[in-house]
Amino acid sequence: MAMDNSGKTNLNSLNSSEAALYSQPTRLTGAETVWATMVGEGVRDVFGYPGGAILPVYDALRKFPIRHILVRHEQGAAHMADGYARASGRVGVAVATSGPGATNLVTGIATAMLDSIPMVCVTGQVSSKVLGTDAFQEIDITGITLPITKHNYLVSRTEDIAPALREAFRIAKSGRPGPVLVDITKDAQQNSAIFDFAAAAPAPYRPHPMLSADSAAIREALELLRTAKRPVILAGQGILHSRAMEQVRALAERAQIPVACTLLGLTAFPASHPLNLGMMGMHGESWVNHAIQQADLLIACGMRFDDRVTGSLSTYAQNAKKIHIEIDPAEINKNVHVDVALVGDLKEILETLLPLMPKRDGSAWLRTISTMKGDASVHDIQQLPDNGHLYAAHVINDIWRETGGDAIIVTDVGQHQMWEAQYYKHEQPRSLVTSGGLGTMGFALPAAIGAKVACPDKEVWVVAGDGGFQMTSAELSTIVQEQLKINIAIVNNGYLGMVRQWQEKFYDKNYEGTPLLSPDFVKLADAHGIQGTHVRHRAEVISAVETARQHPGTFLIDFHVEQEDSVYPMIPPGAALHEMIRRPKQSPLVETATEI
Amino acid sequence: MLHTFVALVEDKTGLLSRVTSLFRRLNVNITSLTVGGTETAGVSRTTIVAEAADDRAPRIMASLYKLEGVLEVDNVGRHSAVVRELALLKIAASQKTRSDLFQLAEVFRARIVDLAPESLMMEITGSASKIEGLVQILLEGNYRILEMARSGRMAMRRGHHTSRVLEALGDTPRVEPTMLAGDRKHDAPDLMAEDDQA
């Protein structure tokens with residue numbers, strides 16, 4: 001029986017001869033086994049690039065109900081599999097050949113590792129007879145990826161392929177998810193063995209032996225929750241992984257606790273919810289970080305106290321007790337010492353905790369935060385007079401208005417990424433796809449392709465800078481070949497903007513290596529058969545966004561925004577979370593009415 | 001402080017490099033490392049001695065457990081345990097100086113396991129400090145140590161403690177005859193009781 005990643009049966013998509021594969025042991029080649037196992041695991045789409053050592057696998061592809069998306073660079077395949085997983089929650093799959101094909105995956109695998117994304121990469125390897133001889137296109141990819149995968153395999157026998165692949169899927173999606181690589185020698189692909197899907201089932205998932213959320217710890221947590229006057233929930237991506245959105249919401253509502261989100265946790269709690277404060281950390285709004293610094297209790301849900309959200313550790317939330325609910329015991333007390341650690345699945349722990357949770361009145365604390373918010377809140381930037389400049393924040397804000405906050409936005413890395421996090425109000429879980437931990441430029445375009453393939457009925461937007469877009473823009477061809485509809489917004493400021501901002505603030509405006517010449521992106525799109533338009537004025541933003549949305553195919557908008565704009569607020573490196581640089585008064589993106 | 005981690009791992013290609021790579025990634029230097037068989041076929045026992053701040057030990061243990069193929073982890077430094085190391089020393093010795101070395105070996109309960117015209121080989125088992133004590137005496141006595149090989153530490157908790165994971169797997173700990181050293185019966189009686197506090 002075929003199961004997809006979410007555990008639902010997928011038998012309907014198989015015809016009778018295909019279904020027979022899973023009911024009786026059958027002799028298959030290793031290459032056929034690769035696909036048969038994937039179909040059995042519920043895989044429908046893979047992203048890949050062929051080559052010598054993976055050719056047997058490609059040769060067998062046509063016999064199986066799997067869509068193969070040919071990428072233009074293997075890094076793209078890894079990011080697509082990653083975007084596929086982030087948008088859908090299913091395991092993404094990338095396929096590459098040996099040697100350079102495999103090494104090109106590395107950045108994409110590391111991106112998935114740092115953000116705990118379930119992904120399986122299959123690479124071809126030279127024949128087992130010549131392993132270790134520096135044969136043509138031989139590279140030790142299991143050695144290279146050892147520290148950036150959750151686990152990896154070198155498979156040199158046909159009969160080991162199905163068990164390794166099935167275990168790879170189990171590992172990728174269980175516990176704290178992550179990428180797994182399966183390297184298969186060419187002779188293992190060519191030889192044949194008995195394929196027995198059921199017998200190849202992996203040992204059941206063994207929870208980490210150091211998980212602990214016993215009743216004593218639950219009682220301690222409840223006591224802290226009961227007595228807290230100024231609690232804040234810190235919402236991380238673990239909420240999405242654990243599918244605990246409802247439980248976190250119930251906890252917040254029942255106890256009237258405001259919620260601050262990490263970048264990857266932004267879509268775990270609806271932006272429009274009155275208890276949602278917004279994003280915390282280096283570019284979080286001032287009231288969010290002030291609330292955390294003034295809190296007397298932090299309830300961290302599926303987040304890891306990354307340096308980008310804590311500011312200097314010695315001054316972080318000094319008056320707050322901390323409850324850390326987390327599935328990975330290695331994250332407990334790593335950066336921030338916590339008072340109560342509930343180590344396990346977030347959803348299960350919250351379901352234990354919620355019935356015992358007394359209702360509490362949080363109105364005084366919420367009023368305090370509301371006052372801070374009123375003082376600092378960004379004015380509705382749509383109401384600001386048009387001073388002839390085009391600001392990236394306007395662009396993002398207009399995309400948000402036009403899409404109603406329901407599109408999947410896939411960002412690159414840099415200033416535009418932070419503006420997206422600030423000005424696009426996400427209502428739907430998994431509607432923001434962004435590289436947080438590794439901060440991988442070039443991520444957006446391929447990850448958006450993955451997101452669109454995973455969610456064909458969703459509106460998908462790329463928001464990228466002019467720098468990052470050029471790193472992987474070859475994937476425009478993939479979009480055309482696969483006939484995908486993706487809207488692309490390039491936030492073009494002629495600089496590697498975030499680096500320029502750091503040079504402005506911390507390196508005496510020595511703009512070394514950051515001014516950036518770009519091609520005419522609209523012409524580049526045109527060369528691919530993709531329509532596009534330039535936007536230089538604020539008044540043109542909405543009509544361009546609408547044109548893109550109405551256009552049946554992919555559409556690219558090159559937004560020529562203010563060149564030396566910076567992301568505010570900003571916490572300088574080494575400073576405390578509340579010591580942020582606020583928005584300057586002359587900026588149209590002012591914080592208070594008196595500053596207009 | 002010095003931590004002694006014992007990890008039971010599946011006896012598979014590459015697992016040792018996963019374990020050591022973890023310490024490298026955490027920027028923790030491994031002081032000594034031993035790997036060998038256990039009472040269960042297919043399971044290896046690794047003993048890793050590493051210098052790390054006290055509060056990092058739980059995270060190292062948690063990270064070890066995250067590696068596929070790591071079955072059980074223990075930090076034996078926190079418990080009463082027997083810790084042993086074996087060393088072989090080749091010492092320059094003429095016919096004249098041999099007898100002094102024989103005496104020294106007796107004091108340290110070491111054994112002479114090879115004799116050559118210009119040198120002899122000593123085998124010593126015990127705590128690290130005992131081995132280091134012998135080395136120091138040799139150096140102070142102006143003996144030339146031509147070669148030294150130390151096995152690295154092995155550790156086992158005292159008392160009835162057994163591997164939880166192996167118990168859970170239903171494997172009754174058993175000792176295979178082949179696991180005993182072949183020439184064991186010829187050895188002198190083991191009189192290491194005084195080291196047990198190490």
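Buried means under 20% relative accessible area, exposed means over 50%, and partly exposed lies in between (1.4 Å probe, protein chains only). Keep those cut-offs at hand for the tour.

This is a predicted model, in which local features need pLDDT of at least 70, side-chain atom pairs count only at pLDDT 80 or more, and totals for chains, interfaces and linings use all residues. Residues are numbered from 1 along each chain as its sequence is written, chains are lettered from A and ligands numbered from 1 in the order in which they are written, and side-chain values use heavy atoms, with hydrogens and water left out.

**Stop 1: chain A as a whole**

Helices (H or I, at least four residues) and strands (E, at least two) are DSSP runs, numbered from the N terminus. The radius of gyration of chain A is 25 Å, close to the 25 Å that the globule rule gives for 596 residues, so the chain is as compact as a globular protein of that length. That radius is taken over C-alpha atoms, and the globule rule is 2.2 Å times the number of residues to the power 0.38.

Along the principal axes, the C-alpha atoms of chain A fill a box of roughly 75 × 65 × 45 Å. Colour by accessibility: buried residues make up 59% of the 596 in chain A. Now take the contacts (heavy atoms within 4.5 Å). Of those in chain A with a separation of 6 or more, 75% are between residues 24 or more positions apart.

**Stop 2: a salt bridge inside chain A**

A salt bridge is a side-chain nitrogen of Lys or Arg within 4 Å of a carboxyl oxygen of Asp or Glu. Over all chains, the structure holds 28 salt bridges. Select E32(A) and K63(A). Their closest N and O atoms are 2.5 Å apart. The pair links distant parts of the chain, 31 residues apart: E32(A) sits in helix α2 (residues 30–40) of chain A, and K63(A) in the loop between α3 (55–60) and β3 (67–70). Buried or partly exposed? E32(A) counts as buried, at 13% relative accessibility. K63(A) is partly exposed, at 40% relative accessible area.

**Stop 3: a salt bridge within one helix**

Go to helix α12 (residues 245–255) of chain A, where E253(A) and R249(A) are 4 residues apart, about one helical turn. Their side chains meet in a salt bridge (3.1 Å, N to O). An α-helix has 3.6 residues a turn, so residues three or four places apart point the same way. Both ends are partly exposed: E253(A) has a relative accessible area of 35%, and R249(A) has 37%.

**Stop 4: where the chains meet**

Show both chains. Chain A gives 15 residues to the contact and chain B gives 16. Together they bury about 1,300 Å², 57% of it on carbon and sulfur atoms. Buried area is the accessible area (1.4 Å probe) that two parts lose on being put together, summed over both. Which residues of chain A lose the most area to chain B? Select L146(A), R206(A) and M210(A), which together account for 34% of what that side buries.

How many salt bridges does the rule find across it? There are 2. In one, the side chains of K66(B) and D328(A) meet at 2.5 Å, N to O. Another cross-chain pair is R170(A) and E68(B), at 3.6 Å, N to O. R170(A) lies in helix α8 of chain A and E68(B) in the loop between α2 (57–66) and β4 (70–75) of chain B, so the pair joins two chains. R170(A) counts as buried at 16% relative accessibility, while E68(B) counts as partly exposed at 23%.

**Stop 5: into chain B**

Select α2(B). Helix α2(B) is mostly covered, with 7 of its 10 residues buried. Among them are I60(B), M61(B), L64(B) and Y65(B).

Finish at L138(B), in helix α4 (residues 128–140) of chain B. L138(B) is buried, with a relative accessible area of 0%. What does L138(B) touch, leaving aside its neighbours within four places in sequence? Its contacts are L89(B), I91(B), L101(B), L104(B), Y143(B) and I145(B).
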